[in-house]
Amino acid sequence: MEDAVATEIIAADELAAHGAEAAGPGMPQLDVSSFPNQIFWLLVTLGVIYFVLSRFALPRIGAVLAERAGTITNDIAAAEELRHRAREAESAYDKALADARAEANRIVAETKAQIQADLDTEMEKADAQIAAKTAESQKAIDEIREGAARNVSEVARDVAREIVAAFGADADAKTVDAAVDAKLGERA
């Protein structure tokens, strides 16, 4: 048992020694006695970082930025040139469209005039044909009328002779024809 108590005492002493050591100066960064050394290494590290950045990283970044600025400037110039060309193309298109419309209107006017001239010619031909057909038809009608008048005259003479014969009267053909011609002449 004495050994157990002695072991406990030794363990407690060691624990107390560690506690005193841990409660000592604290964090090394905050130890005022190490400030000059920390400042020296801070300046050395910052110098190395500045040297590496100024010699390697910043020139590359500057070159990339300059290249990007050049590309942007070239793209803007190309866009302006393309916009100028587009405006010229649009103007040329509008002019061509106006010319095409004017040409189409001229062609339409010429075609209308040609169609009207052809129509007038055809109308004159049709009028001439109609006049010829009308004259022909009038001639045929006149012939039919003459034929009908002769037929009526002949039928009237035949009927008059038959009527005179039916009444029992005796009349010569010349007298009957003269009487029929006189009556037909009154109507005409």
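Glu-122 is partly exposed, with 46% relative accessible area. This residue belongs to a predicted model that contains three helices and zero strands. From the N terminus on, the order of elements is α-α-α. Glu-122 pairs through its side chain with Lys-125 in a salt bridge, and six salt bridges are counted in total.

**Confidence of the prediction**

- The mean pLDDT of the protein is 85, and 89% of the residues score at least 70.
- Helix α1, spanning residues 2–22, has the lowest mean pLDDT among the elements, at 65, whereas α2 has the highest, at 91.
- Where pLDDT is low, predicted coordinates should not be read in detail.

**Surface and burial**

- The protein has 188 residues, of which 3% count as buried.
- Its accessible surface amounts to about 16,100 Å², and carbon and sulfur atoms account for 64% of that area.
- A nonpolar surface patch of about 680 Å² is formed by Phe-40, Trp-41, Val-44, Val-48, Phe-51, Val-52 and Phe-56.
- One member of this patch, Val-48, is located in helix α2, which covers residues 35–166.
- Val-48 has a relative accessible area of 49% and is therefore classed as partly exposed, since the exposed class requires over 50%.

- Lys-95 and Asp-99 form a salt bridge in which the closest N and O atoms are 3.1 Å apart.
- Both Lys-95 and Asp-99 lie in helix α2, separated by four residues, or about one turn of the helix.
- Lys-95 is exposed at 54% relative accessible area, while Asp-99 is partly exposed at 42%.
- Arg-106 and Glu-110 are joined by a salt bridge with an N to O distance of 2.3 Å.
- Arg-106 and Glu-110 also lie in helix α2, four residues apart, about one turn of the helix.
- Both partners count as partly exposed, Glu-110 at 46% relative accessibility and Arg-106 at 37%.
- A network of salt bridges links Arg-106 and Glu-110 with Glu-103.
- For Lys-125 and Glu-122, the N to O distance in the salt bridge is 3.8 Å.
- Lys-125 and Glu-122 are placed three residues apart in helix α2, about one turn of the helix.

Methods
Residues numbered from 1 in each chain as written. Predicted model: local features only at pLDDT ≥ 70, side-chain atom pairs only at ≥ 80, totals over all residues. Heavy atoms only, no water. Helix = DSSP H or I, 4+ residues; strand = E, 2+ residues; numbered from the N terminus. Buried < 20%, exposed > 50% of the residue type's maximum accessible area, 1.4 Å probe, protein only. Areas by Shrake-Rupley, 256 points an atom, 1.4 Å probe, with all protein chains shown as cover. Patch = residues over 30% accessible without salt bridge, like charges linked within 9 Å, V, L, I, M, F, W, Y side chains within 5 Å. Salt bridge = Lys/Arg side-chain N within 4 Å of Asp/Glu carboxyl O. pLDDT = per-residue confidence, 0-100.
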